[in-house]
Amino acid sequence: MTGGEVAVAALVGEVVKHAGEQMAEDKKSVNEELLSAAKDSPYMADGASNYAKRIAIKQAILTKMYLPIARLFGVANQYFEDDFGRDMAEKLKDVPDEHVVSPKPSVAAPAMQQLGFSLDEPDLKEMYLSLLATASDDRKKDTAHPSFVEVIKQLSSAELGLLNDILNGGIPSPISTIKRVTEGQEGAVLLQKHILPLVNVSTQEPVENSQLGTFIDNWIRLGLVEVNYGDYLTREGAYDWMAGRPEVARHQSAFGPHGGHTIDFDKGFIRPTDFGESFAKAVGIKA
């Protein structure tokens, strides 16, 4: 590590340390000074009901808790000063005030920084907000692992819907590969891996996603899912969907039966890892 890198690392350490000290100080008075200050907040003018007033108070509290970190890192200040408190209050609306705590800076600082870079991607924004909400609930804060920030950072909005389906419920789902078998030759040639029973939601017709293999390899790399082609699901009809897949038809058209080639597939399963299940709970993916 160079002298410059050491200096930067030391500066970041001091920033996070200062943020932690500031948030710890806020936590001591969250039920007294912050609630008292919230009563005079301009947000209260919008409170037309008891529910709205509770949200307004919580918004003021959360803004005061988090704004020092936002300012220290200097990212998307306008959002953090204007809208962040409201968004967090909505996320924590069902959490009793006595359970709202200052999150660990090791989670809050990088999550807020990345949140500031994701404001134009609503799905990723929601994941960062949910992670911060988990870290701010003393009943669940220990499940908000600092590594989850890096996981969200390495996901795209395009893959989140599919990932949610896989992580939701925590049960194994069928997955297949397509291979070419040639008469008289041992073994097989892998043509395409990671085939899932994707369908058009409106028509229920099978559809392809050209990025599916990349998405699943990414989830494996991040430790969110396990894919196993050595074992498979034994329930009746678990792989019947492969007969109508467009991927199979495309490869059959390209290779045969002419030339002694046949198209076959390997059965497997995909399921969340323990890490993936913990991630799903922390970022708001419901089972």
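Predicted model: local features only at pLDDT ≥ 70, side-chain atom pairs only at ≥ 80, totals over all residues.
Which residue in E4 stands opposite Glu-226? It is Arg-271. Residues are numbered from 1 along each chain as its sequence is written, and side-chain values use heavy atoms, with hydrogens and water left out.

Helices (H or I, at least four residues) and strands (E, at least two) are DSSP runs, numbered from the N terminus. Strands E3 and E4 (residues 261–272) pair in the antiparallel sense over four bridges; pairing requires at least two bridges found by DSSP. They belong to an open antiparallel sheet of four strands, ordered E2-E1-E4-E3. Strand E2 (189–195) and strand E3 (225–228) each have a single partner strand, so one side of each lacks a neighbour in the sheet. On average, neighbouring strands are turned by 25° against each other, direction ignored. Helix H10 (residues 212–221) packs on this sheet and touches E1 (173–182), E2, E3 and E4, contact meaning heavy atoms within 4.5 Å. The direction of H10 makes about 70° with that of E2. Such angles run from 0 to 180 degrees between N-to-C directions, with axes fitted to C-alpha atoms, for helices over the stretch in contact.

A helix pair comes next. The axes of H5 (residues 84–91) and H7 (residues 122–135) come within 9 Å and cross at roughly 65°. H5 and H7 are therefore roughly perpendicular, a term covering 65 to 115 degrees. From H5, the contact uses Phe-84, Asp-87, Met-88 and Lys-91; H7 contributes Lys-125, Glu-126, Leu-129, Ser-130, Leu-132 and Ala-133.

Note on methods
Parallel < 35°, antiparallel > 145°, perpendicular 65-115°, else oblique.
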